[in-house]
Amino acid sequence: MEFAFTLRYRLARHDCDYDALAGRLAASDCADAVVGVGRNGYLALSFLRQAGSAEAALSGAIADVERAVPTAELIDIRSDFMPN
């Protein structure tokens, strides 16, 4: 099943090169996310992720982002966890 959700992060001051972040995220299995920057110092990732369960989709995405941007602080998760 596919699960749609958005993760929002606060970035560390030294980690705000958005082009570099996009490359690191793509290399860390986040190619299924649309990366958005609304405010300087913040990052939003809208995922459409295949997984066996909503929990697997969410935990896998969070782990992938943590690998790519270990200094980022997860500040919000948005989803109704309805499969698409």
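The model is predicted, and the protein contains two helices and four strands, which follow one another from the N terminus in the order β-α-β-β-α-β. With 84 residues, a compact globule would have a radius of gyration near 12 Å, and the protein agrees with this at 12 Å.

**Overall dimensions and surface**
- The C-alpha trace spans about 35 × 20 × 15 Å along its principal axes, and buried residues make up 33% of the 84 residues.
- Among contacts with a separation of 6 or more, 69% are between residues 24 or more positions apart.
- The accessible surface comes to about 4900 Å², with 52% of that area belonging to carbon and sulfur atoms.

**Nonpolar core**
- The largest nonpolar core has 21 residues, of which Phe5, Leu7, Tyr9, Leu25, Leu45, Phe47 and Val65 touch the most other members.
- Strand E1 (2-10), helix H1 (18-27), strand E3 (42-50) and helix H2 (54-68) each supply at least two residues of this core, and H2 gives the most, with six residues.
- Beyond its neighbours within four places in sequence, Tyr9 is in contact with a set of residues including Leu45, Ile62, Val65, Ala72 and Ile75.

**Backbone at Asp29**
- Asp29, although not a glycine, has a positive phi of about 65°, and its place is in the loop between H1 and strand E2 (33-36).
- Asp29 counts as exposed because its relative accessibility is 55%, and the cut-off for exposed is over 50%.

Conventions. Residues are numbered from 1 along each chain as its sequence is written. This is a predicted model: local features need pLDDT of at least 70, side-chain atom pairs count only at pLDDT 80 or more; totals for chains, interfaces and linings use all residues. Side-chain values use heavy atoms; hydrogens and water are left out. A nonpolar core is a set of buried Ala, Val, Leu, Ile, Met, Phe, Trp, Tyr and Cys residues joined through side-chain atoms within 4.5 Å. Buried means under 20% relative accessible area, exposed over 50%, partly exposed in between (1.4 Å probe, protein chains only). Contact means heavy atoms within 4.5 Å. The radius of gyration is taken over C-alpha atoms; the globule rule is 2.2 Å times the number of residues to the power 0.38. Accessible areas come from the Shrake-Rupley method with a 1.4 Å probe; for residues, only the protein chains shown count as cover.
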